[in-house]
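Welcome to my notebook. I wrote these entries while looking around, and you are welcome to follow along.

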Amino acid sequence: MFQSLFKDIIRFILLILFQVLILNNINMGGMINPYLYILFILLLPFETPRWALLILAFITGFSIDFFSQQHGLHTAACVILGFLRPSVLKIFNPRENYEKVKEPNLQIYGFTWFLKYALLCTFIHHFSLFYLEIFRLSDFFITFGRVLLSTIFTVILIILSQYLFYRR
Amino acid sequence: MITLLRFLLKHYFVLLFAILESIALMFVVRDNPYQNSSINNLALNFNGFVAMKQDNFSHYLHLTDVNEKLALENDLLKNQLSQRIMFSSPQPSIDSSLNRYHYVTAKVINNSINKSYNYIILNKGKLDGIEPEMAVISSDGVVGIVHQVTDHFSQVMSVLNEKLPITCKFKKNQYFGSFVWSGHDHRKGNLNNIPLHLEVKIGDTLVSTGFGIFPEGILVGYVSKAEKGNSNFYKIEVELSNDFRKLYYVYVVKDSLKKEEETIEKIK
């Protein structure tokens, strides 16, 4: 039990550092902004109680916000993701019960399932993030384009990271 | 009670989400200028609209008061005018600061006197030429400084606001100090930084210095209590000349030389 907690903490720190030090400086054409740190929320165990999910999402977003000039944006987007993650899992649920596996894992559940899960969660997060950032409805389609492109790029990164770290 | 607790426990997830998201959104709106001004704009427009509708109903109740004040002011202005005409030279010197101040009359549609930070809402806004940081006065004295403006409404930081210190001086000599509202009584405030070696009597008139935003000579109030404070300064209590409970019409002061004054102040 403590081993998985330790793993989670390490994953948290690594993802935040990677995001802040490397990914935050990648800005391709102004439209593509990858946010890999949400992988932490995506990979939390299925059995995480819902209140813990929300609080962990809050802490994740808040930590990223520390390093950005816009306070609160990532916190708000992550909390929305944390709130909707159980619903997303229920949508993609093959049966009523997930097997006793700890985490949503590429190996166990298959590529398609994980892709769908990652895509929807990332889309929700990026949608809230970019629209909160721009805070108006006038540039709706440009922002929507940004949401889509960044989602695709983040999901590519997520899948890559899964292959890199879970080859067994 | 038990049913309420049970209800809360059943839906704790949504409630916790609402709480956390509100905290996050509070950070977003408070610390980001664009989002902040968006929300402030929205709030001021809504507030102003509701206050205006409310005022349309209730302003009849104050008509006698307003009329008396206006009559008094007219009297004063007419006297000043006749004096000026009497003493004006046949060829007045062209002084560039003559036409410095212009006044925009505005009506108070929302006011408060019982909070720590009181604000006043006026029914004139950007489209009438009002900008933030303009002085607001009335026939009885200082009122405040414009804080935020939308197209049709302005929000004025009232003198009854602990964030707004006003530099004022004694009318009889030119010694000046800083007036800050005390936070409790809407008629009284405190005057600081007056050293003990000056002569201060009850009833002394305080006016604005003209160094800051307010034009010179605007009434601030009268000294109501003057005691020796602990350090080398007086502890002076000032009674405001303006009764903020009965504030109906104000003048927003447009200073045409303000930008110039600011640029020269920046040269050090």
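**Entry 1: a threonine and its partners**

I began with A:Thr143 and, setting aside its neighbours within four places in sequence, found it in contact (heavy atoms within 4.5 Å) with A:Phe130, A:Tyr131 and A:Ile134. Before going on, I note that this is a predicted model, where local features need pLDDT of at least 70, side-chain atom pairs count only at pLDDT 80 or more, and totals for chains, interfaces and linings use all residues. Residues are numbered from 1 along each chain as its sequence is written, chains are lettered from A and ligands numbered from 1 in the order in which they are written, and side-chain values use heavy atoms, with hydrogens and water left out.

I placed A:Thr143 in helix α7 (residues 140-165) of chain A; helices (H or I, at least four residues) and strands (E, at least two) are DSSP runs, numbered from the N terminus. Is A:Thr143 buried or exposed? A:Thr143 counts as buried because its relative accessibility is 1%; buried means under 20% relative accessible area, exposed over 50%, and partly exposed in between, with a 1.4 Å probe and protein chains only.

**Entry 2: helix α6 of chain A**

Next I checked the span of helix α6 (residues 111-134) of chain A. At 1.5 Å a residue its 24 residues should span 34 Å, and the end C-alpha atoms are 34 Å apart, so the two agree. The expected span is 1.5 Å times one less than the number of residues. Just after this helix, I saw that A:Phe135 takes a positive phi of about 55 degrees.

I also looked up A:Leu120, which sits in helix α6 of chain A. With a relative accessible area of 28%, A:Leu120 is partly exposed. Apart from neighbours within four places in sequence, A:Leu120 is in contact with A:Val88 and A:Phe92. From A:Leu120 to A:Lys7 I read 113 residues in sequence and 25 Å in space, C-alpha to C-alpha.

**Entry 3: chain B as a whole**

I then turned to chain B, whose secondary structure comes to five helices and twelve strands. Its C-alpha atoms fill a box of roughly 85 × 50 × 50 Å along the principal axes. Of its 268 residues, 35% count as buried. Among contacts in chain B with a separation of 6 or more, 59% join residues 24 or more positions apart.

**Entry 4: salt bridges**

Another pairs B:Glu216 with B:Lys169, with the closest N and O atoms 2.9 Å apart. Here B:Glu216 lies in the loop between β9 (205-208) and β10 (219-228), while B:Lys169 is in strand β6 (residues 166-170), 47 residues away. B:Glu216 counts as exposed at 54% relative accessibility, whereas B:Lys169 is buried at 7%.

B:Lys201 is partly exposed at 49%, and B:Glu199 is exposed at 52%.

How values were computed: A salt bridge is a side-chain nitrogen of Lys or Arg within 4 Å of a carboxyl oxygen of Asp or Glu.
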